[in-house]
Amino acid sequence: MDDGTNPSSMTSPEPTPHPAKESRVTPEPSNRSAPDPGAYGRPLEGRWVSGTALWAAETCGVSLVLARVGFVLLALGGLALATAVLIFDTALFGAPLSDPARITFAGLGGLGILAYPMLSLLLPSRARSHWDFGSVVGALLLLTFLGHGIGALIQPYWEFAKAARQGGGASAWLRWPAAYQSEVGFGARGFAILLFVAATLPLVWMLRRELPKFFRSMYVGVSLVTLSLLAIGLGVLVPQIDGFEDPTARVDMEAEYRDFQAFQRDGYQKLPASLQDGHEQYQAFRWAEGYFLYHLLHLYGIGMPKEGLTPRMQEGLEVFGKKYGLEERDNREKQMLAAFSGREKVNEIGAFIHRNEPAFWRFFQLSTALEWNRTYKSAWFTALMTLLFTAIAFNTFKGKPRQWFSIHKFGYFTVHTGMMILLLGGFWSKLHTDRGILHLHLDMPPQDTYWGHYDPAKERSMPFALGLDHFARQDWPSLEVQFLDDEAQSLTSRPPTHTLWKGRPIELDLVDDGAGGLRPRVRIEVVDLSDRAQVRRPVVRELGAGQPGGLALAALVVADAGREREVYLPAVAYDLSPPIYDADHSFRLVAMNAGVAPGGDEMQDDPLQWFPSLPGYVGGLEVRVVGAGDGAPHTLAATLGQTTELPGGYSMTVVDATADLDVKRDKRRSAHPLPLEEQPLRGPAVWLDLVGPDGREERRAVVQGISAKDLGAQASFTLAEIEVRFDWDEWGAPGAPRYLLWWSDAGCELIAETGERTPVELGTELPLPGNMVVRPSATYESATFVADVTLLPPVEAVDGWDADFYHRGARGVVLEVTLDPGTAAATTHVVPMASTDEFNADRWVAPDSSFVMRFFENDRMLPFEWRSVLQVYEQEDSGGWKPVDLGPEPAREIRVNDYFKYKGYRFFQTNANPEDPAYSGIGVVYDPGIPIVLVGMYTVIAGTVITFLIRPIVLARRERRKLATLARKPAKAAAETTA
Amino acid sequence: MNWITSLDVTADGLLASTLWLRVTNVLCLVGAGLAVLAGLRHLRQRKAVQAGREAGRNLWSGSALLVLGLALLVEFISIWNRAVEVNHFPSQTMSEVLVMFSFSLLVSMLVLHFALKLERIGHGWAIVDDALLAVVFLGVLATNHYTTTLSTAQRDLPPALQSYWFAPHLSALIFSYATLGIAGLVCIIYFAMRFWSGVFVGGKSVGSQLVVLAGLCLIPFAQIVTFPILIAVGIVFLALKLLDSLPAAKEMAATEKTMDQVSYRAFSVGIPFLTAGLFMGAFWAQEAWANYWGWDSKENSALITWLIYVIYVHLRMLGGYRGEKAMAVLGGGALSVFLTFQIFGYLPDSQKSLHRYTDDGVTPTEGMQGQRVSDESARREPAVVGDERR
């Protein structure tokens, strides 16, 4: 690279290491690799064990051998003392003695307690002058484990202090020691802590000159960052106990051990019946580790199963692509391939875990004993962070203050100060933070207790109460387009769901453009969207004979419970237009005619054939076995008692069904007091018995319209690879007597399931059971039927208050549907729709009956947003609750990403229940450390920018100025400067 | 999907974003070729300078830079179209994030080209710039091609992602990943050169050669990251050997020093953005869950990356580390970036992470932290503390 340019002429943005420091701390590589002679003329050899031992020997002023013997004695003595402490502690608190983690770390704590005073007595005046990474890491590890022991000792005090502080304000801090003394007593633990403090203070005093040197060593700084990094990495490599659980939570090792013995007896086949929380932790642990190790052992994907698609699947994909677009097709193919390979891989990982079960179990035990599965909550991690803080502090405030603010140092000073503030805030958070969930319902009294750490057993009180004024969930407006032609009928998977926004174009149904390419036959564009839509009686236009696109239609006036409304019943397949019911479910009524029903299963000339009598049939199941078959969802009939073989060797039996689910009553099957056909249609559900190819069994309740996968609950199933959705068949399932409005040559008739026929006369009540009165006002043999939907303008927001969000009525959309766009035959239809089935306003059938569109709010996935408006109440002297005026709704509104704060408590939107629209789960956080940490973070960012972006620019500019000045100076001065 | 398909701009039914992305790919292929030609031309210019002749102009270099700017513009158009197609800032799925990453690679390269000003220093230095440019072009092409194996389906933003932090947090992190990734590429080229220098020139111990080779081969996705570079550098060294133009030890040392400084400058540009991106995530989490740091595995992986760079900067500034050791730590940082960005989903503690938005088929669990207790709430009436509203 010698091209006549001197690399050193580049303006370097980084500082040259200080020459003195360079020579003292980091000798040249050639020197660094040579053995560093220790104080006794023995090489350190760079090993941390010998380095630490030698350091100890030097520090204690005794020979190496004696130091080692001394350390063993100290360890044994410490362990004995710690055990004694534990026994006293057990007597005082009733804590279990058999917890290995407690014994191990109390022992380490005892070691530290005994070692410290002895070291402080033996400490010589001279200090170690040679540090390297090995000895530094050894010393830091010792200090960390010492810190862990101390942390284990003071833990009960701290928990007591936190509990005493709850709701007590600042003065609780002053009261808790007295309260502890009166309620618990001092005990051996308190004596041990006092001993430690008494020993540490003189030690620190004696080391007052050596400690800054130690912590300012580059080796210490780098080693501490490395140890912190490794500690954090450990928490990534070992699955942690749920991060939102109680920070004091630990795995119950005794229960674990008992369960594991049973597990072992079964040959690792069947989990013991007494499932403990720890066992669930173990299952999650072994799966996570198995998953990781399996992939680690299959680098580059070598040896992993790879599956292809069968020709039949490929054909299905081609049809799907023609209908819904090539990108949709490609994405569907990728999902299918991933699912196939995924299933086989899951089996292999399962086998891998099974083969290595004992090793996984021992690793789990080790992780639990050493608190690796609660790394960030452990005392040793806190100790490490304390050491890091100390080192940063010593390095930040080094030298004279004016140096800190020079351009050379200011960036580093800022970063280090920021890190200190951040760590301080973190400590403050750790000491004070409490988290939980507050369950609120609309129209319920204010609540002042929440579940600490999401645990109902840990109720916590707030010094005020909270009520819920408003709550709403808004879903994404969506559109599904289902093609009705024969080709599309071969598709077994769901049509894609298109989320709608203004201006979105959707191009569908690719056909030959005559020039060797493809063109969309259908183009849909969203013209307008509104949060409010008004649905009025539809516009009906009767068509003449021979005109295509018409439907048979009945306009009915329905009077029920004193209320009269108009209903339009089109003769389309009943899955497109649901039956009419009365409040008591005394009858079901649909309309149908021969030969013109688009989307009908088949054309039926005999009206009685529209009354299917399939014993036990209740609806349709959409089943997908991930990684088996074609990996796509398939629709199956849900028939009671029927067993269906699923792809991949699975089987599914429909065990029971109900039309009126009650989660408190119906557990493993329906316990409804009424037979199925008499149950009101309020919450249909089925119970399935699922059996895997490996013999695993599961009883699963599937509720209509609720997808466990979308709710994130799929993984909790035993056979999590089977995804099921259920749709109740409102016409075909057992229920109220069925009636049909039927058009034939004889005109319009009402046909009962019994075969009884009644001619329909306009204005005359239909002979239907029950109290509801149904009077036909018009019938049409062939008519177009478009619901009259008007999109309402948004309500003007007052002070930022978006009242529309809480509007519970239908939402509206205006679509522009163009058939054969870009051709001479192009026709455009402006279609207003609303997200309600009133007057079938949510559906639109194309004039050529080739497809049907459905507009809906997509509740099958996470919503667009949740919002709650909270009201704070303060307690009055009388004990009642008085609302606090905190301003209008916008000031009290919370949503994800926008919390509400009151008296140090933060409330954020965290939970909702699709089955309970009045319920809002509010996350509660009390954490006074937040502002401190945020200031620290902003400071670190600013410092980094100053150090790496601003500083080099300023220095380069100074350098240029200096060079320019030099250029103007006489040659002599320049020569002097160069020299 | 094969490589040719990633370059096919005439296919039917392409979304506008896909079409423009393929145009970007074509430009990157052209740009890589131009960068190689520019490097060869710089080599000849350097020889001319050494021989005391007029070096002449290097039009290839300017053309490669022009293509870089053009590719940047076209990929921006692709991202813009994607934003229109999905109706939000396009970083919700992994395919979208990777396209943002490849775009950031181009931006970083442009920034570094002007920040490093290697061409102004000399033709030898300019070869490093050309090599980097060629590698970045090919990296963008490889990244964009890889996105074709992922789902491009539109996905709605879950509530937690609908925040003004979304774009700056993602942008800062992805830009820093790209810049630090380029620093990592320099490290890989450095070690590849060191390895082949040992093979063809000698002077390296067998043990250290094996360590370097193992390091280059065992990193995740070595087949698309380090193998091509190792092979390409090997071919260059072989060619130099055949031409009897192998660099002398002094020249190699100068080159290594250059690469060390280049990698540090790339790092200097990237680290403020990594810091900002990391802590912007904390600000966001604080607003969403009142929890600035949840010890989520993704957060931890990003923090580990940051800490590796903290170690690097301390070793370099306080310890005076240069060359192999500093490069190894810097390469470790790039590896950590890669783990955080792409391998994160395989790590044991990532199974319950709140950050798995980009995974196909995974329902984000944000906003549902208390979902499991909602059943409890249905069974258990909350405590009533007052009766005013009854």
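**Note on the predicted model**

1. Helix packing in chain B. H4(B) and H7(B) form a right-handed crossing. The model is predicted, and in it the axes of helix H4 (residues 94-116) of chain B and helix H7 (residues 166-200) of chain B approach within 8 Å, crossing at roughly 60 degrees. H4(B) is therefore oblique to H7(B).

2. Residues at this crossing. On the H4(B) side the contact includes B:Met100, B:Phe101, B:Leu105 and B:Leu112; on the H7(B) side, B:Leu170, B:Ile174, B:Phe175 and B:Ile182 are among the residues met. By class, the contact of H4(B) with H7(B) comprises 12 nonpolar and four polar residues, with no charged ones.

3. Sheet in chain A. Four strands of chain A make an open sheet in the order E15-E16-E17-E18, paired antiparallel. Strand E15 (643-646) and strand E18 (697-703) are its edge strands, each pairing on one side only. On average, neighbouring strands of the sheet are turned by 25 degrees against each other, direction ignored.

4. Strand E17 (residues 685-691) of chain A runs antiparallel to E18(A), and seven bridges join the two. A:Val686 has A:Val702 in E18(A) as its bridge partner.

5. Confidence. The predictor assigns the complex an ipTM of 0.87 and a pTM of 0.78. The mean pLDDT of chain B is 84, and 89% of its residues score at least 70. Among the elements of chain B, helix H3 (residues 59-86) has the highest mean pLDDT (95) and helix H13 (residues 371-379) the lowest (32). Residues 360-390 of chain B have a pLDDT below 50, and this stretch has 72 contacts in the model beyond near neighbours in sequence.

Terms used:
Residues are numbered from 1 along each chain as its sequence is written. Chains are lettered from A and ligands numbered from 1 in the order in which they are written. This is a predicted model: local features need pLDDT of at least 70, side-chain atom pairs count only at pLDDT 80 or more; totals for chains, interfaces and linings use all residues. pLDDT is the predictor's confidence in each residue, from 0 to 100. Two residues are in contact if their C-beta atoms, placed from the backbone, lie within 7 Å. Axes are lines fitted to C-alpha atoms, for helices over the stretch in contact, and angles run from 0 to 180 degrees between N-to-C directions. Angles under 35 degrees count as roughly parallel, over 145 as roughly antiparallel, 65 to 115 as roughly perpendicular and the rest as oblique. A crossing is left-handed if the near helix is turned anticlockwise from the far one by less than a right angle, and right-handed if clockwise. Ala, Val, Leu, Ile, Met, Phe, Trp, Tyr, Cys and Pro count as nonpolar, Asp, Glu, Lys and Arg as charged, and the others, Gly among them, as polar. Two strands pair if DSSP finds at least two bridges between them.
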